[in-house]
Amino acid sequence: MKKFFIAFLGSLAGIWFSLFIAFVGFTIVIAAAAASSLGNKTVSEIKEGSYLTLSLSGTINERPGTLKPMEVLRGLDKDVTGLNQIVGAIRMAAEDDRIRGIYIDCKGASAGLAQHQAIVEALHDFKGIAPEKWIYAYSDYFTQGDYYIASVADSIFLNPIGMVDIHGLSTTNMYFKNLLDKMGVEMQVVKVGTYKSAVEPYLLDKMSEPAREQQELFLGNMWKYVAGDIAASRGVTVGDVNAWADSLVFTLPAEKVLGMKVVDRLIYRHEMDERLMSLTEVDDIDKLPAVSVVDYCSVKDIDKKGNGKGAKIGVLYATGDITDEDGDGIVAAKLVPEILEIADDDEIDGLVMCVNSGGGSAFASEQIWEALEQYKKITGKPFYVSMSDYAASGGYYISCGADRIYAQPTTLTGSIGIFGMIPNAHGLISGKLGVNTSTVATNPRAVPISVMDPMTPAQRVAMQAYVEQGYDLFTRRCAEGRGMSQDSIKAIAEGRVWDGAEALARGLVDELGGLDAAIAGMAKTLNVETWTIKEYPVLEPKWYDVIIEAGADLKASVIDEELGEMKSIYETLNTVKGLAPVQARMGFFEVNI
C-alpha cells in the first residue's frame, strides 16, 4: 500500500510538473513574440511618387489599441490602426509632395457611424487642399460603411462578380422578459425618464412607443445625412441612394450595379494593381510605392500642426462603459487621478476630451465630472469635448461641463436620465430550486435589498427617491454646464437620445464636427496657428501586458466560437450582471451600419 501511494503521488507530481513546464513554455512563447512585436517597429522611407493606402479592415478604434495575444501566437500581430492615425495621415498626405494620391482598399472595417464620418470629412478636406491628387477605391465586396467612405473617391472599382451592400440604417433590440419569466426572475426597476429605454428589455417583450419614436427620429436624421453625403459625392440624388437601399442592391449582378452608377468600373484586383502601377510609373507590382497609414505615421508626426510650437493641447480619450473601479472602458478610479495629473502639467495649454461612451455608473460619472471641474478651477484653461459615435447618458454627464462641445451629425447623445435595476430571483431560488431563507433582524428595515426576495414597498419608495435625487443632480450639472435653466434641460431630458444635429438645435452641443474640428477650435481660442498634441492616457505597452491579456483573449475566442449568434445575448446579460446599482446609461443597442 505504501508503495502504491508513493507511486500515485509521484504520478501526480509528474502531471503537475508537466503542466508547469507547459505553462512556462506558453508564457515564454507569448513573451518572446510580444517583445519582438513591440520592439521591431517598421520605419518606412517615403519615396517620391508614393501613395497612401487606407486599408479598411478589422476594428477601428479612436486610437491604436494593444496587441492581441492570440494573434501574436498566430503570427497576425499587425499594428492596430486608430481613427486618429487615419485622419492624421490623410491630413498630412494632402500637403506632402511625395504622396500622389490615396488608395482605399475596402475589406470590411468595423467602426461607428461618426467614425466613418470623420474619415469621409478628412477625405473631402484632402480633395479640397490637393485637388490635383487622386483618390481611388476598390473592393470585392463593399459593406455599407466602406462604401460610405469610398463614395468620396474619384472612381470606385468593383470586382466583376463582387457586391455592394447599401441598405440604410437600423437598430435591433433584444427583449428578455419572457426568458426571465421562465427562469422565475423579476427585474425590479426604478427610473426617471419617459424615454429611458435601457430598462425596457427586462420589463417588456417588445419596443415601447416612446423608444420607437426616438429611434425613428435619430435614425431618419442620420440616414438623411449619410445618404445626402453619398449622393453629393456620387453626383446622384438622395432618391437614387434610397432606391439603391430599397432594391437590395447587394443581390444584383455587378453589371447592373455599374449601370445604376453605384460604381464606376468593374475590374479584377490584379487589374487594379496594374492601374496603380500605371499611376505610379512602375513596371513591377512588387515595386508599388504604397505606404500604409501606420508606416506613414511612423515617419510623419501627425500630432503636430506646423512647427508645433504655438501651443500644447492635451487630448484625453474616454471610451467605453463607465465603471467605478474595474473594466476596460472609462474607469473612474483610473481616470480621475489622470485628470488631476493633467491639471498639474503646466505645459498643457488646453484640454480636449474625446468621448465615445453610452454611459454606465452614475456614481462614477459624477466623480469624473467633478475631476474635470477641478481641472477648470485649478488651471483656468479651456476644456472642450469632442463626441464620437456615442456620448450619451453618463457619456453626456462627463461632457456637460465643457466650455465647448463638438459632435458629429451622426453622434448619439443626450439620454439624460437615471435608472436602477435590482433582480428578484425568489421565483427561481425558492420556487424552482427549493432554497428558502429565514431572517432575524434588530430593526424593521435592517434587512438589506436582496436578490432572494422582492423589495418591500418601503424599499421601493426609498430607491425611487434615490434615483430621482440622482436625476435632479444630473440635470442640475447639465444646466450649469450648458448655461440653461434646469427646467429647460428637463424638457429635453427624460432619457431621450438625440442625434448630433438635433442636439445642436436644442443647445446640448455647440458645434458640429469631429475631433479635428475641436482641436482647431481650441487652437483658435488659444490664438495659435501651430500646435502639438499630447494624448492621455499615455499608452506604454509592456511585454507582460500581452501575457496578462492572453487569458481574456482565449476566453473571448472560445465564446465567439461556441456561442456564435447567441454571443450578443451572453454579452448583454453579462454586462447587466456587473452593473452598478444606479446607472446613467443609454439603451443596449447599436446602429447597424
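1. Asp 487 sits in helix α17, which covers residues 486–492. The model is a predicted one. With a relative accessible area of 61%, Asp 487 counts as exposed, because the cut-off for that class is over 50%. Asp 487 and Arg 476 are separated by 11 residues in sequence, and their C-alpha atoms are 9.2 Å apart in space.

2. Helix α16 runs over residues 457–482. Its 26 residues, at 1.5 Å a residue, should span 38 Å, and the 37 Å between its end C-alpha atoms agrees with that. Among the buried residues of α16 are Met 463, Val 467, Tyr 471 and Phe 474, and the list also includes Arg 477 and Arg 482. Just after α16 comes Gly 483, with a positive phi of about 65°.

3. Asp 165 belongs to the loop between β4 (155–164) and β5 (170–171). Asp 165 is buried but has no salt bridge; Arg 234, the nearest side chain of opposite charge, is 15 Å away. Beyond its neighbours within four places in sequence, Asp 165 is in contact with Tyr 141, Phe 142, Thr 143, Gln 144, Val 249 and Phe 250.

4. An open sheet is formed by six strands with parallel pairing, in the order β7-β4-β3-β2-β1-β8. The edges are β7 (265–266) and β8 (290–292); each has a single partner strand, so one side of each lacks a neighbour in the sheet.

5. Within this sheet, β1 (residues 50–59) pairs with β2 (residues 99–110) in the parallel sense over nine bridges. Leu 56 has Cys 106 of β2 as its bridge partner. Helix α3 (residues 83–94) packs on the sheet and touches β1 and β2, its direction making about 165° with that of β1.

Definitions and conventions
Residues numbered from 1 in each chain as written. Predicted model: local features only at pLDDT ≥ 70, side-chain atom pairs only at ≥ 80, totals over all residues. Heavy atoms only, no water. Helix = DSSP H or I, 4+ residues; strand = E, 2+ residues; numbered from the N terminus. Expected span 1.5 Å × (residues − 1). Buried < 20%, exposed > 50% of the residue type's maximum accessible area, 1.4 Å probe, protein only. Lys, Arg positive; Asp, Glu negative; His and termini not counted. Salt bridge = Lys/Arg side-chain N within 4 Å of Asp/Glu carboxyl O. Contact = heavy atoms within 4.5 Å. Pairing = 2+ DSSP bridges. Axes fitted to C-alpha atoms, helices over the stretch in contact; angles between N-to-C directions.
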